[in-house]
Amino acid sequence: MFNRIKNRVLTVVAPDLPALPAGHGHQAYGGSGRSSGGGGHGKGYDSGSGGGGKNLPEKFQYARPPFLQLLTYDELKASADHNVRPIIVPRDISLLPWNTGYAECVNSGKSKWNEDQAAFHRQVLSHPSKQYHDLPYTYFGIYDGHAGYGAALAAANQFHYILHEKLVDIIDLLMPRVESDAGGGGGLPLHGPSLLPHPSLFHKQVSKDELIVGALESAFADMDAVLAEDRDNYRNAGGCTALVALFILGKLFVANAGDSRGVLCKRVRRRKTTTAAAAHSTGDPHAGMNGEQEASENGPPVEGGEREDEFEVVAEPCSFDHTPDTERPRLLTVGKHNPALLGGEYIAMEYAKKPTSKDLGARILYRQGAMRGWTYKTLTVNDLKIPLVTGAGKRSRLLGTIGVTRGFGDHDLKALGSNLPIKPFLSPHPDVACFDLCQVRGDPNGPNCDGDYGILVMATDGLWDVSESAQVAATVFGTLRKFPTERHRYTMAAQELVARSRGRANESGHWRLSDSRAAATVDDISVIVIPVHQYYLEYLEWTKTVAARNQVRKVAPATANPVQAVPEVELAKESTGTAGNDFSSSSESEPPEEGQEAENNLNAINLPPTVARLTTTVTQPLGLSDALPH
């Protein structure tokens, strides 16, 4: 038993695992979908919620991300050992695109199972009319569950369907037409935030970036609505944060709701001093020799004669945490305009000092709502109520219960010690950041391609609780320097980040950071490390394919038969030889019936209004959750 588990679980940074008892089938690890930990989140849920207390089934069976290939009960049980806390990485890194790295680690006992989830999908937007080129895109998502794994597991299994539907709705506005306009304009450009054609059709100017941001924002709202609809049919799923990265049209979009974080780690040139440039500028033929000697003393040279100390590592934030502390103005505004939500027990104000009964009648500095400054008021008995937001930083709490203010789910969450609902204060709305990779001044095939285009690190708060963004960036490039050519170098970087934040268990069983005596994180840790330049190379190949197809159509004789539409994938195979495999419709094969249903839906969307009415059958209205696979 031990040898089999050891071979299946790829990485265990800990003592040897003991033999585990055989599982009782998949139902054994279905779990209750709830957690006793998470800062009291589980205790805040109404025990009668979800179908009036019925014994409802789970919508999705507990599992780890499919690319980890943990398929049996024994493997799942080994990955959730709270004493060992093994670091799990993919056995086959080819399952992830661009040699992307991934690593995860379970908590130290806060909940039975790892409540984090991760997902990725590579899909193609195709218009049935063939007037537009096929548009490939890649999505990564990381979800941090609380009060159970249900919400995170549902998002990992369903969000990409919702996002794809939103992108299908705008494909005709994103893509250039196959045939150029009569004036020879060539349709929409491939690059840049250009405005849409025919502005007379819009009262406001709308860019393609705004369309993609809108697709992400509406997908987040719909995912939260799906969880709300599922409450009567499935077991309470709890809640989760959401961090999503979307690579499309040569750009990177990062959408975040919660306290997971995305950071773009870059290695930028501090100064440019090459041996050839030194010899030319000084006129000394020995300057190059001196430069080589200096390089050997100050650091190893890299390709091009540049030294390592010519670069500095920076961490560019892609998201910002949503906690009661960071969102205090929004929460206080909601409480100010909706006093019924406070139940007479809380007050939507913030004070410069904690008010006490001894201060009654005295003046005290306060602010409320969206106020950024402070002003005086006379302290009354009403001011002695519990503040809506207590604590500061990561220890801040909303209604004394939850430490995160955006994400999915938490529809049945109640405040501790009262029956006040918390959901009205929460929001699924994400902040979306956009990075135009076409504006990067660098060579995607150059020696500093990772530094120029950046390494995107997406991680749950288990990493960020004990690691600063700058430390993470330094660790990433330090690990890549140790493994300059290995395909698994990004996996090693992810594993190193998890290992540093998890630390080691001391004799008392407490987890401590290896480089200090400070407490290590006891939460679940999940990290994705994405080499952005790999996507940009893929995007450049796609633009060449689009240009080649347009050229074929342009040179075709006007009197000849119309050129038969050639699928984008087939054309990509002819031009690159491998691009056809890169742009697969998804990371996982979909059932034939689901693929046919999606094609029928897309055809219906693009049919003229009259035909669409004729081909639509009258059925009962379906909810969002009914449209998604279970």
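Guide: Helices here are DSSP runs of H or I with at least four residues, strands are E runs of at least two, and both are numbered from the N terminus. An axis is a line fitted to C-alpha atoms, for helices over the stretch in contact, and angles run from 0 to 180 degrees between N-to-C directions. This is a predicted model, in which local features need pLDDT of at least 70, side-chain atom pairs need 80 or more, and totals for chains, interfaces and linings use all residues. Residues are numbered from 1 along each chain as its sequence is written, and side-chain values use heavy atoms, without hydrogens or water.

Start with α3, residues 150-169, and α5, residues 208-229. Their axes lie 9 Å apart, at an angle of about 135 degrees. That is why α3 and α5 are oblique to each other (under 35 degrees is roughly parallel, over 145 roughly antiparallel, 65 to 115 roughly perpendicular, the rest oblique).

Now look at who touches whom. Contact means heavy atoms within 4.5 Å. From α3, the residues include Ala151, Ala155, Phe159, Ile162 and Lys166. From α5, they include Ala215, Ser218, Phe220, Asp222 and Met223. Sorted by class, the contact of α3 with α5 has 14 nonpolar, two polar and two charged residues (Ala, Val, Leu, Ile, Met, Phe, Trp, Tyr, Cys and Pro are nonpolar; Asp, Glu, Lys and Arg are charged; the others, Gly among them, are polar).

Helix α11 spans residues 469-482, and α12 spans 489-502. They pack at about 135 degrees, with axes 9 Å apart. So α11 and α12 are oblique to each other. Their crossing is right-handed. On the α11 side, Val472, Thr475, Val476, Thr479 and Leu480 make the contact. Facing them from α12 are residues including Arg489, Tyr490, Glu496 and Arg500. This contact of α11 with α12 counts seven nonpolar, two polar and three charged residues.

Finally, step back to the whole chain. It has 17 helices and 21 strands. Of its 630 residues, 49% count as buried (under 20% relative accessible area; over 50% is exposed, in between is partly exposed, with a 1.4 Å probe and protein chains only). Take the contacts between residues at least 6 apart in sequence: 73% join residues at least 24 apart.

Note on methods. A crossing is left-handed if the near helix is turned anticlockwise from the far one by less than a right angle, and right-handed if clockwise.
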